[in-house]
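Let us walk through this structure from the inside out.

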Amino acid sequence: MKDVLEGFASGRSRCMYCGDNQGTDVDHYEPLAAAPLRTFVWKNHLLACSGCNSHFKRDTFPKGSGGVPLLLDPTVDDPFDHLALALSVGRYAPLTERGEATIEICQLNRDILSRGRQVAYDTLTVILEAWIRAHDSGDDGKMVGLEKTIREQPFADVIHAMLRYAHAPGAPQLFADRSHLLPILADQRLRARLLS
Ligand SMILES: [Zn+2]
């Protein structure tokens, strides 16, 4: 089961909650204490680091009105429908009640994660600048290598936020300090390679 989950995880088997650490544990999205009958349900299993699994999330599983789980389920929910990532500071802001609960349960804005997302944003900027140089000089092998490097990075949420926000109405403001990235992030080949 862990081998299969590692195949679903981003980058080098990163934790499906924080995107930073190695996913070492098989976590039950709906804790066994709350839902023992879901013990062997495939989609109730996620790859998590021991910090997210045992220290932060544990058996916390609040429900909102109508019994809807407040913790986002990455197998069905798109986190960006519920969370906004401020790329320059690496912190999440909630867009919905479920987003707010998920930030709290997983402590998504803990300092070590926000700093990591800032570093990822700067690292990806450098890689994308190299990618467009390779693109303009027709160096396909270099482009493929850089695309692989991006996919192997921790904090896969950062590149996904960049690709998504590049098409948002406020993109010029969101990328005001690095507007040269916008045409790179709009490149159809790059988007296809990274979003497939
Ligand atoms: Zn984690």
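The largest nonpolar core has 31 residues. Cys-15, Ala-48 and Val-158 have the most contacts inside this core. A nonpolar core here is a set of buried Ala, Val, Leu, Ile, Met, Phe, Trp, Tyr and Cys residues joined through C-beta atoms within 7 Å. Buried means that 20 or more other C-beta atoms lie within 10 Å of a residue's own; with 12 or fewer the residue is exposed, and in between it is partly exposed, with C-beta atoms placed from the backbone.

This is a predicted model: local features need pLDDT of at least 70, side-chain atom pairs count only at pLDDT 80 or more, and totals for chains, interfaces and linings use all residues. Residues are numbered from 1 along each chain as its sequence is written.

Domain 1 (2-109) and domain 2 (112-195) both contribute residues, so the core lies between them. The domain bounds come from an automatic or database domain assignment. Helices (H or I, at least four residues) and strands (E, at least two) are DSSP runs, numbered from the N terminus.

Now look at Ala-48. Leaving out residues up to four places away in sequence, Ala-48 touches Cys-15, Met-16, Tyr-17, Gly-23, Asp-25, Asp-27 and Asn-53. Contact means C-beta atoms, placed from the backbone, within 7 Å.

Turn to Leu-124, in helix 4 (residues 111-136). Is Leu-124 buried or exposed? Leu-124 is buried, because 21 other C-beta atoms lie within 10 Å. With the sequence neighbours up to four places away set aside, Leu-124 touches Ile-150, Gln-153, Val-158, Ile-159 and Met-162. Leu-124 and Met-162 are 38 residues apart in sequence, yet their C-alpha atoms are 9.4 Å apart.

Step back to the domains. Their centres, taken over C-alpha atoms, are separated by 24 Å. In the contacts between them, 15 residues of domain 1 meet 18 residues of domain 2.

Finally, the whole protein chain. There are 9 helices and 4 strands, running α-β-β-α-β-β-α-α-α-α-α-α-α from the N terminus. Of the 196 residues, 28% count as buried. The C-alpha atoms fill a box of roughly 55 × 35 × 25 Å along the principal axes.

Definitions and conventions. Two residues are in contact if their C-beta atoms, placed from the backbone, lie within 7 Å.
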